[in-house]
Amino acid sequence: MIELSDVRFRWHRDAPLVLDIPAFEVRAGERVFLEGPSGSGKTTLLNILGGVTVPETGRVTVNGVRLGDLSGAGRDRFRADHIGFVFQMFNLIPYLSPMDNVILPCRFSQRRKAAAQQRSESVKNEARRLLRHMNLDANMVAARPASAFSTGQQQRIAVARALIGAPPLVIADEPTSALDHAVRTTFMDLMFEEVTAANAALLFVSHDPSLATRFDRQVTLADINGATA
Amino acid sequence: MTTLAAIINISVCSLINRRLTVFLTVFAIALSVMLLLGVEKVRQDAKLSFANTISGTDLIVGARSGSIQLLLYSVFRIGNATNNITWRSYQTIAARKDVKWTIPISLGDSHRGFRVMGTSEAYFKHYSYGQNRQLRFRDGKPFEDVFETVLGAEVARNLGYRIGDKIVIAHGLGTAGFAKHDDKPFTVSGILEPTGTPVDRTVHVSVEGITAIHVDWKGGSRVPGMSMDAEAVRKMDLTPRSITAFMVGLNSRLSAFRALREINNFRREPLLAILPGVALQELWGLMGTAEAALGAVAILVVAGGLLGMLTMMLASLNERRREMAILRAIGAQPIHIGAMFLIEALFITALGCLLGLALLYSAMIILQPVVETQLGLFIPIDMPRLREWLILGLVLASGALASTIPALLAYRRSLADGMTVRI
Ligand SMILES: Nc1ncnc2c1ncn2[C@@H]1O[C@H](COP(=O)(O)OP(=O)(O)O)[C@@H](O)[C@H]1O
Ligand SMILES: [Mg+2]
């Protein structure tokens with residue numbers, strides 16, 4: 001699903017390397033826990049995988065497509081079609097309802113729209129289904145803006161959005177950092193369940209090693225990254 | 001296509017989310033648009049209304065004064081004549097070989113705020129307005145007797161007069177409380193169809209009628225002890241000694257300049273002859289400066305409204321960075337983010353234009369009767385014309401142009417921020 005080779009990245013020409021990754025791979029459907037201290041370059045790596053940031057050298061292949069071969073707009077379209085993202089916080093557009101937030105990727109990607117329709121007849125039905133699976137009340141999610149929901153609820157809504165239209169890859173960047181312990185466990189359970197049900201590969205980034213146990217594989221960034229910032 | 005629809009949808013939701021600031025911005029633009037279109041409308045309609053008031057008249061002749069002044073009081077009933085001209089001079093010119101018809105005009109009296117004009121039957125035969133349209137009677141016929149009157153449509157409508165009603169004419173132009181010629185009432189013999197010109201607001205009587213009501217008057221007051229009833233007056237010679245002005249129709253347009261020259265050099269009395277079209281042009285020239293100043297002010301006010309929008313959008317840029325990053329994560333291109341601001345500006349400006357139009361038409365509906373009664377100008381309420389649409393298009397384009405600044409900033413920022421905002 002993900003293949004990196006000889007990827008190097010730095011913010012400025014004179015700055016030290018942030019990333020220097022000779023090889024890194026995530027297989028289809030694999031759930032990988034990527035660990036590393038704050039500031040070690042995890043988010044930077046995810047931005048490269050999403051095609052938002054372009055490495056200085058090296059090859060990035062996602063779902064069989066070499067991102068380097070795509071234009072900027074092409075990479076944006078590719079991201080819309082193939083990757084669902086969940087971030088630490090501020091995942092949702094505050095004034096849209098959870099429902100509209102979840103539907104959003106289907107408005108930028110025909111592919112995910114078609115997949116959602118195939119799964120549940122309509123995009124709305126699929127959004128409702130995912131939200132229900134993420135333990136969110138179907139009556140509540142359409143009426144109020146996303147900003148009216150708790151942080152834990154918002155993170156679960158974000159997972160539903162990442163999963164709609166069945167992208168083959170879900171990338172989560174410290175999605176539990178803003179959650180307290182009790183909520184965190186529920187969140188991890190629900191997320192795991194749904195990602196598994198969707199058969200998506202999961203690249204989960206965190207600096208909290210205690211979450212690592214349930215993953216297929218645990219990777220420490222320092223082990224794959226030659227650059228020591 | 002769906003991406004664009006999504007961007008538009010998000011823009012609209014975002015605008016609704018910020019509805020108070022957005023509404024104020026829209027309102028400021030609406031007010032400025034109303035002003036701009038209002039100035040343009042008044043300018044056009046005033047011209048049209050003036051230009052439509054007289055047609056087919058080759059010359060207007062009055063006492064020597066300014067040509068614009070003569071045009072204004074003789075045709076538009078605005079202002080007053082400083083001097084009269086003698087009936088004899090009028091007769092001399094009317095008898096010229098190149099003159100086809102003449103219409104005498106005698107002003108100075110009023111009826112309940114409407115001006116009274118002494119004239120002859122020639123008025124109903126030869127006076128034309130708009131595209132060579134003749135006066136037509138809605139009811140009745142021209143005056144035949146000295147004490148008969150023909151009312152303009154607005155006079156009859158406003159005061160509720162019908163054929164056969166008797167009206168009293170006041171001396172001078174005041175509305176009420178003035179000395180009235182109440183011993184000699186006039187009978188309404190005819191009511192004209194509406195014309196959209198000052199004719200509608202005029203009470204017409206014969207020049208003899210004007211003489212008749214003034215026989216026992218001298219200057220501004222009744223001669224003491226001298227009071228004649230209508231019957232006695234009717235038997236007198238009522239040929240006027242003087243009139244205010246007269247209109248001339250020539251046999252051939254080609255002789256207009258010659259006639260003009262000769263009348264202006266009339267020996268017995270200082271006269272002024274004008275070509276109505278030329279005098280109108282002079283009037284436009286006079287109005288041009290005021291027009292330009294008003295137009296410039298209106299344009300500046302629109303620029304102010306658009307600057308308000310620009311300020312609002314730039315201020316929102318920071319608080320919307322997260323929103324922009326989220327959209328990027330979902331797959332929006334930086335150009336979509338820029339487009340969002342463009343769409344937003346178009347939306348606000350378009351709403352401002354629409355609201356401005358609505359305000360303008362409301363104002364016109366409210367002000368139309370006032371302008372008509374106070375200024376004698378008929379402002380028609382019709383659909384915006386091409387020029388007005390062009391102005392609105394220009395405002396919209398300026399709004400779009402102004403928004404390129406925040407759009408470009410948003411584009412660059414979202415390119416730099418990517419999916420995550422570092423705050
Ligand atoms: N836009 C940026 N410009 C310059 N430096 C950046 C930028 N974003 C991140 N960095 C730097 O790159 C390094 C890696 O950051 P990041 O990938 O966010 O780390 P992590 O996600 O592991 O906490 C840090 O030293 C950070 O300061
Ligand atoms: Mg990070």
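In this predicted model, ligand 1 is surrounded by 11 residues, and the closest of them are Trp11(A), Gly39(A), Lys42(A), Thr43(A) and Thr44(A). The site is shared between chains, because the residues that surround ligand 1 come from chains A and B. By residue class, the shell around ligand 1 holds 6 polar, 3 nonpolar and 2 charged residues.

A look at individual atoms shows how chain A meets the ligand through both side-chain and backbone groups. Trp11(A) contributes a polar side-chain atom, which lies 2.8 Å from an oxygen atom of ligand 1. Gly39(A) takes part through its backbone instead, with a polar atom 2.7 Å from an oxygen atom of the ligand.

Attention now turns to a pair of helices in chain B. Two packed helices are described by the angle between their axes and by the distance between those axes. For helix H11 (residues 321-330) and helix H13 (residues 386-417) of chain B, the angle is about 60° and the axes are 10 Å apart. The crossing of H11(B) with H13(B) is right-handed. On the H11(B) side, the contact is made by Arg321(B), Met324(B) and Arg328(B). H13(B) supplies Ala410(B), Arg413(B), Ser414(B), Leu415(B) and Asp417(B). Sorted by class, the residues of this contact comprise 4 charged, 3 nonpolar and 1 polar.

Asp6(A) is not a glycine, yet its phi is positive, at about 55°. This residue belongs to strand S1 (residues 2-9) of chain A. Glu174(A), also not a glycine, has a positive phi of about 45°. Glu174(A) sits in a loop of chain A, between strand S7 (169-173) and helix H7 (181-198).

Notes: Residues numbered from 1 in each chain as written. Chains lettered and ligands numbered in written order. Predicted model: local features only at pLDDT ≥ 70, side-chain atom pairs only at ≥ 80, totals over all residues. Heavy atoms only, no water. Near = heavy atom within 4 Å. Polar contact = N/O pair within 3.5 Å; in protein donor to acceptor, adjacent residues only side chain to side chain. Nonpolar A, V, L, I, M, F, W, Y, C, P; charged D, E, K, R; others polar. Axes fitted to C-alpha atoms, helices over the stretch in contact; angles between N-to-C directions. Helix = DSSP H or I, 4+ residues; strand = E, 2+ residues; numbered from the N terminus. Left-handed = near helix turned anticlockwise from the far one by under 90°. Contact = heavy atoms within 4.5 Å.
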